[in-house]
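Subject: Structure handover

Hello,

Please find the structure below, with its sequence. My notes come after it.

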Amino acid sequence: MKHFRFVFVMLALVCCGSMKAQDQQSLKELMRTRGEYYFTLNVDDAVKIPNLGEICSVDGTNGKILVAYANQQEYDKLLELGLQPNLQTPPSLREEARMWDGNKATYAWDSYLTYEQYVSMMEGFPSQALSDRTCTLIDLGQLATSAHRHLLGVRIYSGNPYGKPKFLYTSTMHGDEVTGMILMLRLIDELCTSTDSRITSLLNDVDIYIFPCTNPDGTYHGGNNTVNGATRANGNSVDLNRHFPDFDDGAHPDGASYYQDEAQWMMDLAQEYLFTMGANYHGGAEIVNYPWDTYQPVHPDDAWWRYVSREYAQLCQAVSSSYMTTATYSGDTPSGITNGYAWYTITGSRQDYMNYYGQCREVTIECSKSKTPSASQLPNFWNYNHNAMLTLIEECLNGVHGIVKDAVTLDPLEGVSVTVENHDALGSSVTSHTIGDFHRPIKGGTYTFTFAKQGYYPQSVQVTVADGERVDLEIFLEPNLNLNPDFAASTTDVSLGQGINFTDTSEGLVTSWLWTFEGATPSTSTEQNPTGITYNTPGDYDVTLVVTGPTGNTATKVKENYIHVAETILMQNGEVTTCSGLFYDSGGANDQYGNNLDYTMTFYPGTEGAAVCVTFTEFTLENNYDYLYVYNGTSTSATLIDQYTGGTSPNTVTATNNEGALTFRFTSDSGVTNTGWVATVSCVEKPEITKRCYYLATNVAAGSYIMGSLNGNTLSMPSHNNTTNLITSSATVTPTDYGFSEEEGTNLPQVTLTAYGTNGQYYISYNGRYLARSNYGSSLTWGTSTSQYGRWHIDSNGIYVTSTSGYGGNSTYYLYYNNGSFALSTNAQNNITFYTEGDCPATTIEQTVTLNAGWNWWSTNLEISKTDLEAALGEFGIQVSSHRDGFDMRNTANGNWIGNLSGFCVEKMYKVRVSENCSITLSGIVVSPADHPITLTRGWNWIGFPLEQSLSVSEALSDLNPEPGDEIKSKQNGFCQFSGTRWIGNLETLEPGQGYMYKSNATETKTFTFPSENK
């Protein structure tokens, strides 16, 4: 079950369950053993609930009390945040579930099955199927956990299955939600044995797949003989409905480094068959939940989703008016259906994966308020859902269907893209199957369908279809015999021995391919998309592709110096001097980094006068536990550029110090590891340093200083030219309220103070010589060794040396500056001071930001901390959320902010929620867009706009080479799409202070910068 807002029945069961209450210590011991915690949590602010869902699996809430599951690591993180979960008896342990006694003759679908009975029933269905239909057992695999259970399903059809739409039913991916499992088994039984004309017709027209239990380890966690003790998570304590790739939150939204077998097998199944429609059954509520779960903008087929969801709910309600009455959360009528995001957002859901990546219009059906209802009620749930279940399968026969063929050979064409113009987005288009067939359920209306395949000219057809109606098309695509070869690589920067995959992107009808990979193994290939090409010698290499058409015509594409092979650099303690390399965490290209690491590595440029530049293309650490620190200099004592954790990438960092060096420090804790990072190391021209700043040293101690007398714009300093003579140097500087600044290149002698003894005395040295009072009197000299005449006192009285014997008598001599030279006097002058070099302060400005009540898409061009923003928001602030870097929320009771948001990057957009319309004032340092490149990964990205003035979309994105179909949108001002030549849409300009969402269709990561200067 996904988590949601108002589940009063469930909360009542939690708080007043029929099972005898257990004390917290007993429950803690029970749940530690189970590997799964079930608890309530008092929440003082409802806006915190979505973000708590990033830590644990929220199962329900009434806005004040939250019900959730967590594995051990997630539970520990809740405790670290200072939260106090109240453990509850798990749903699967509240009452004894009635199990079937094994007598087949008396089984009436009113008891639960043991695991062995379940397997036996699944294995028996094929032999029970009537002779006019085929039932095949599908075993996706044996789980690697200790019980070695199998993930089983069946495929049922009549006649030839090819050319028919494929429908997928699954259930019980949350192991303790078992009602749907029995419904699925009973449906299989009916499809195999019923002679009803409706069933016969369905099997003639639809290729049906059913998987009753997609988490057997969770369902039978208490043992193969019972569903008592079932867990929500699988055998590895992973919530499978937070574990799938997510188009809005990345490949691993739950932070996992690999996919569980149950998820991977279902993804493989989805990619192999490309189901037309499907439904996944859960428990804990009674409602039909349609896409999206993770994304606020509605699905392109939102109207169709509402239509089929209402149909399902109403058919159930026609059987029982008290069933499927859970309140709607998205303005839908009647009750019993909801948009997932409006109900409550989650990431990594199976439903969203199937719809976005699998071309399958899958819905989530919550079929029982109790996760494990009394077995005597199971026949009732069958009666409620039976008609609706069959009707949902029948819906995949409606809409637009057809077959696509080659116009010349009349052969069917597989893999043809079928797109509804000005409608499809977010994975809603479909492709043709093995015999050229395609199936596109859609709401009644008039649409333009476009059919496209590499090597063929696209064709568009206008179609009008009504709800509940089927339209069939036969499409003939003309082959394109004009060859235009092209290709792309999975990466062009590669380390020694790292495999590269190549993708053919040629235009025209290609029948064969011949690749030549200079310097690689293998050196040639005839595959269309070669994989695993490796390089074992550093250098830059050409790639050549020759394509051949059906008439024997050929064309050639050569990309010179396309692949850049560099040495591999692993994170460790040490120094590296280079201008070319691939920089990895300690695990290298293929492995994760280890636990309890603390490494420091410094990169120096391999070219004189250059600066090191490191660009990160992949970055994933355990969030808030493992950190990469980047310093602008030769050690960790240099300026900290920033610290990075989770998925917050450094993107591109460039040294701006005299040495051109960068220092990296990496630390990991003793817990979870992750995939780390991949970065390319290069050298760039050292950035010009136009100014240096020096600050008045108020507490002088041993160290290096500028020592002199500042008079207006002139700084006078004592120095020497490798002689004993005292020389007075001077430089033109700019006085400031903190000291002075000067242009880069000015020679300012740095003197060094070396402490002597315990009486606050110092030797003053410069270029190997020591400043001292001459032993012949009150003059100054530079000596090559220390002496008692060079032991200076430095305090509020000035800089002085005390003579107790010898020439000069018993006197105190003060160092001072007068009339262009340094001298000594027995009178305290105190006009010489010390200055230390430091970073120049940037100009601070104020920026006024107008926010509307509710959510705002916000970005800034100022360097500010999250504390600055939260203070500015004041009592209006509710929540600040990032795309993947965490969140902060305001406790309305005490005004304090809590959460795991580490800070702000001007390259990124943040969502800011306020209680009412307001204007806030921020103060900070203006950044240069050139110093903050924007990184785009495939799919949706939250990007900032770090400029001081508005720019048109085309001007703002002039540094980006967008792909056709790329999109950028604003929360308030619309969107536009790149046609291939220009940006089209109602979003005309990008505005300061606004954030934007950018969808990249590129297969590779892209980086660009906004214009650096006003135009």
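The notes below start with confidence and then go through a sheet, a loop residue, a helix and some aromatic pairs.

This is a predicted model, in which local features need pLDDT of at least 70, side-chain atom pairs count only at pLDDT 80 or more, and totals for chains, interfaces and linings use all residues. Residues are numbered from 1 along each chain as its sequence is written, and side-chain values use heavy atoms, with hydrogens and water left out.

Confidence. pLDDT is the predictor's confidence in each residue, from 0 to 100. The chain has a mean pLDDT of 90, and 94% of its residues reach 70 or more. Residues 1-21 have a pLDDT below 50.

The sheet. Helices (H or I, at least four residues) and strands (E, at least two) are DSSP runs, numbered from the N terminus. Two strands pair if DSSP finds at least two bridges between them. An open sheet is formed by eight strands, with mixed pairing, in the order β5-β6-β8-β7-β9-β12-β10-β11. At its edges are β5 (134-142) and β11 (337-339); each has a single partner strand, so one side of each is left without a neighbour in the sheet. Inside the order, β9 pairs with β12 (residues 361-368) in the parallel sense over six bridges. Met-277 stands opposite Arg-361 in β12.

Thr-276 lies between α9 (261-273) and β9 (277-282). Is Thr-276 buried or exposed? Buried means under 20% relative accessible area, exposed over 50%, and partly exposed in between (1.4 Å probe, protein chains only). Thr-276 counts as buried because its relative accessibility is 4%. Beyond its neighbours within four places in sequence, Thr-276 is in contact (heavy atoms within 4.5 Å) with residues including Pro-165, Gln-359, Arg-361 and His-439.

A helix. α4 (residues 72-80) is capped at its N-terminal end by Asn-71, with a side-chain oxygen 3.3 Å from the backbone nitrogen of Gln-73. After α4 comes Gly-82, with a positive phi near 85°.

Aromatic pairs. Rings of Phe, Tyr and Trp (its six-membered ring) pair if their centres lie within 6.5 Å; planes under 30 degrees apart count as stacked, over 60 as edge-to-face and the rest as tilted. The count by this rule is 58 aromatic pairs. Tyr-273 and Phe-275 form a tilted pair, 5.8 Å centre to centre with 35° between the planes, and both are buried. Phe-603 and Phe-664 form an edge-to-face pair, 5.6 Å centre to centre with 90° between the planes.

Regards

How values were computed:
A polar contact is a pair of N or O atoms within 3.5 Å; within protein, one must be able to donate a hydrogen and the other to accept it, and residues adjacent in sequence count only if both atoms are side-chain atoms.
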